[in-house]
Amino acid sequence: MIPPGGTIGILGGGQLGRTIALAAAPLGYRCHVFCPVRASPAKLVTPRSTTAKYDNKLALDKFAKLVDVITFEFENVPVDTAEFLAERKPVRPGPQALRISQDRVKEKDFLRSIGVATAPYRAVAGEAELRRALQEIGPRAILKTVRMGYDGKGQMAIRPELDLAVAWRNFTAETGILEGFVEFACEISVIVARGLGGGLATYIPVENKHDHYILDTTLAPARVKPEVAMRAEAMARHIAEKLDLVGLLAVEMFVTHENEVLVNELAPRPHNSGHWTLDACYTSQFEQLVRAICGLPLGSPERHSDAVMKNLIGAEVEKWREQLADPLAKLHLYGKTEASPGRKMGHVTKLIPRR
Ligand code: AMP
């Protein structure tokens, strides 16, 4: 247990790291951000930071000496970095959660091994394997990079009319994962926190709308049957337990027209689809992460309001003034100076109080 007054080390300096730090402060913790980018959003709100690459052992060693517990805000932190740090200070969630979540094949193998349904998939390393996998999975599929894919980067829709030789040539990675295309009714996600003693706190499933593969809007709660919501929550808890995770786990899922729930992706960290919890829940996902990794009791994940969270992407951020015209809108800007297309600049949550 790390009592208030301790220092939390955060790997990654984006908006998620920034909001972890902002949630840690009222509980009496300090944060130290480690990130290769100098003027990153998290560094603007933390007194201490390190600017170094993730493989800089000297800088990592020094960082470990200055903090009491370490967490991360993105799952593509190199596993070697997490392991190096874990020999020095507790890293929560541990390196195993990273190893699984940063490799789409390992992730799906793991999910299948614990009885969790996913879209059909095959690992592919070449055009011939791609052809074979398509025969097994069916003609409509998505080819994704195994590693380092996010917000739709490194993804290619495969349709029957496509020339597979050209498709494979255009695919930049050496190995891929071919997934059967899921005709989903909606996309949902569930965030679960797991404490040091194994206690769990689960947020209700929310519904996610994407625009060009980037999350655009989250509706809380998701418009699914109560039975589907309960099943999705139970799946998220099951995965967190099987990972023996301490911290937060976000589980992205597809709900089919037959009300089947298939897991798409895992993220062992705060998630964009959980930003609504900042304003609509008794305990936000960020506070919950701080409580979990410091060994404090978890807070209530219940909501006092329903909510609609809209990401402000690229130039959308310029409309911040209009967003504030609604007195029940809560605006969050990340302190980024350049609004390039596709860049998440902030978000706004509209609250709908529950009677
Ligand atoms: P991902 O990077 O895996 O989260 O994918 C980004 C988005 O692409 C998802 O949120 C879905 O909208 C879509 N997508 C990914 N995989 C599939 C699939 N197997 N079937 C249908 N849509 C998918």
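The second largest pocket is lined by 16 residues, and those nearest its centre are Thr19, Leu22, Ala23, Leu278 and Ser284. A pocket here is an open set of points on a 1 Å grid over the protein atoms alone, where a 1.4 Å probe fits and protein lies on both sides within 12 Å along at least five of seven lines; lining residues have an atom within 4 Å of a point. Helix H1 (15–24), helix H9 (277–280) and strand E16 (329–333) are the elements that give two or more residues to this lining. H1 provides the largest share, 4 residues. Helices (H or I, at least four residues) and strands (E, at least two) are DSSP runs, numbered from the N terminus. The volume of this pocket is about 260 Å³, taken as the space filled by probe spheres set on grid points that are joined across faces, edges and corners.

A word on the model itself: it is predicted, so local features need pLDDT of at least 70 and side-chain atom pairs count only at pLDDT 80 or more, while totals for chains, interfaces and linings use all residues. Residues are numbered from 1 along each chain as its sequence is written, and side-chain values use heavy atoms, with hydrogens and water left out.

Let us turn to the ligand. It is surrounded by 16 residues, with Lys144, Gln155, Val182, Glu187 and Glu265 the closest; a residue counts as near if one of its heavy atoms lies within 4 Å. Strands E6 (141–145), E8 (176–180), E9 (184–194), E13 (247–256) and E14 (261–267) each supply at least two residues of this shell. The table lists polar contacts, pairs of N or O atoms within 3.5 Å.

| Protein atom | Ligand atom | Distance |
|---|---|---|
| Lys144, polar side-chain atom | oxygen | 2.7 Å |
| Gly180, polar backbone atom | nitrogen | 3.0 Å |
| Glu187, polar side-chain atom | oxygen | 2.5 Å |

On its own the ligand has 470 Å² of accessible area, and the protein covers 94% of it; areas come from the Shrake-Rupley method with a 1.4 Å probe.

How do the two sites divide by class?

The peptide bond from Arg92 to Pro93 is cis, with omega near -10 degrees, and Pro93 sits in the loop between helix H3 (79–86) and helix H4 (95–101). Another cis bond runs from Ala220 to Pro221, with omega near 5 degrees; Pro221 belongs to the loop between strand E12 (214–220) and helix H8 (226–242). Asp244, in the loop between H8 and E13, has a positive phi near 55 degrees, although it is not glycine.

Terms used: Polar contact = N/O pair within 3.5 Å; in protein donor to acceptor, adjacent residues only side chain to side chain.
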